Each structure stands twice: as C-alpha cells, then as structure tokens.
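These are my notebook entries on one protein model. I record what I looked up, entry by entry.

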Amino acid sequence: MSYPLRRLEGARVSSLHTRERAAVQHQPRLGPRSYPSLVIALPEWVPAFMTTAPDFIATPHERMRLAIDLARQSASHGGGPFGAILVEAESGRVVAPGVNLVVPLSCSMAHAEMVAISIAQQLEHSHDLGAVGRPALQLVTSTEPCAMCLGAIPWSGITSLVCGSGGDVAERIGFDEGDKPHLWSELLASRGITVLRGICADEAAAVLTDYARRGGPIYNGRDKTD
Ligand SMILES: [Zn+2]
C-alpha cells in the first residue's frame, strides 16, 4: 500500500523555539576533519511539563497517559507526535521522558524511545540499564517501536515494554516504521522483555491522526514509492 509523503516545509523549521532554531542554524564552523558533538537536549518545555507529572505512576494505563501527553505536547511544540517515558517497573518511579526530536535536532535517531533510553543512560552513567543491582526498567511508548527502536530495546537493558497505538496508525498517516518481524513482540519476549500492546490505544492513535489532520509534517528518510 502506498501513502502520500508530505515534505517538511521550511516554514515549519522557522516556527521552532528560538533556542532550537539557533541550534539548527548556527552550528559553529568546523575545520577539516573536525566534527560536531552529538548533543541530544530535551526542549525546555519538557522538564517544565514533567514538573506537573507525578514522581511515581502505578499502572500501565496511567504511565501510558503520560507518554501520550508528551506526544501531544511534542506535536504542539514543533516536534514529532511521539512520546515515551522510562519508569521503574515495580515502584513506578518516573526515570526519564522522551519525545521525538528528529526534525529539531536534525537527527534521524532521535525517536522518543531512543531519547528516553539515552537520557536514562546518562542519568545512570551506564549503557546497561539492566545491570545487576539496578531496578528493572519499563519503556512506555505512545506508538509501537519502529524497526530502529525495536533493535535498540534489547541493547538498552530494559525489561518490559508498554505500547499505545499500533505502528500501523503511524504508517497510515505516512511515517515509515521500517521493516519489523511480524512476531516482533514474541521475539522481545524470548529475550526476557515482556510486552504489553494496545494500552490506551485509541487515545494514543488520536494524537497521530489529529497531527495528520492539522497538516503536521511527515518526515521520512526517503520517499515511499511502493
Ligand atoms: Zn523509532
């Protein structure tokens, strides 16, 4: 099935927050064979928004509602319509938020799940969030992981995944979710990562369809011409 691809318009970039726009447009000039540092900085609205969230969230549905709120807020602040949080699975302590920053950061890796995982790893000073002695961590994502995020999950050390909208909704509005194994959730389970799908699915999907209806940019690495 083919879906229309809408290209990012320059006007969208110019609507970004002033500081984000500065980061996009005013990278320092670099000499030959010197390269910019990779900095994944959350927009200023995220920590402000997180001060309104509870420190501990008990149930998967309540955790998902925070991820969905982040997705909704992200879309309204010039980011992609995707949100995620990392929480301690047992206690429900909120560890890290993530939002889709692909366009603001000029970084195709900056999906909400990758951002949440990366922020948590920096907080924990470890690449392995599943190291012995650490509380088990759960990734809660407003939309099922794409092929890239699916691949990153086992490497992060998280032990459970909670998904809202199906990836098919993201595909229907034009996002390329990549090629995933049909039995992807079973494959994660075989690695000891439990998966809950379809949590608050309608509410999560509505963020995507509302974004598309308002003409939010659909950004992919290439045209989808199949
Ligand atoms: Zn992804």
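What percentage of the 226 residues in the protein do buried residues make up? I found that buried residues make up 37% of them. A residue is called buried if 20 or more other C-beta atoms lie within 10 Å of its own, exposed if 12 or fewer, and partly exposed in between, with C-beta atoms placed from the backbone.

Entry on the source. I note that this is a predicted model, in which local features need pLDDT of at least 70, side-chain atom pairs count only at pLDDT 80 or more, and totals for chains, interfaces and linings use all residues. Residues are numbered from 1 along each chain as its sequence is written.

Entry on the overall fold. I listed 10 helices and 5 strands; helices (H or I, at least four residues) and strands (E, at least two) are DSSP runs, numbered from the N terminus. I then looked up contacts, in which the C-beta atoms of two residues, placed from the backbone, lie within 7 Å. Of the contacts with a separation of 6 or more, 67% join residues 24 or more positions apart.

Entry on helix α6. This helix covers residues 112-124 and reaches 18 Å from its first C-alpha to its last, close to the 18 Å expected. The expected span is 1.5 Å times one less than the number of residues. Its buried residues include Met114, Val115, Ala116 and Ile117, and the buried residues of α6 pack against β1, β2, β3 and α7. Histidine 125 follows α6 and has a positive phi, near 55 degrees.

Entry on the core. I looked up the largest nonpolar core, which has 51 residues. Such a core is a set of buried Ala, Val, Leu, Ile, Met, Phe, Trp, Tyr and Cys residues joined through C-beta atoms within 7 Å. Among the members that touch the most others are Ile85, Leu86 and Ala116. Helix α4 (residues 60-76) gives the most to this core, with 7 residues. Leaving aside residues up to four places away in sequence, I found that alanine 116 touches residues including Ala84, Leu86, Ala96 and Leu139.

Entry on strand β1. I found 5 of its 6 residues buried. Strands pair if DSSP finds at least two bridges between them. β1 runs antiparallel to β2, with 5 bridges, and antiparallel to β3, also with 5 bridges. Leucine 86 stands opposite alanine 96 in β2, while alanine 84 has threonine 141 in β3 as its bridge partner. In the hairpin of β1 and β2, glycine 92 takes a positive phi near 80 degrees.
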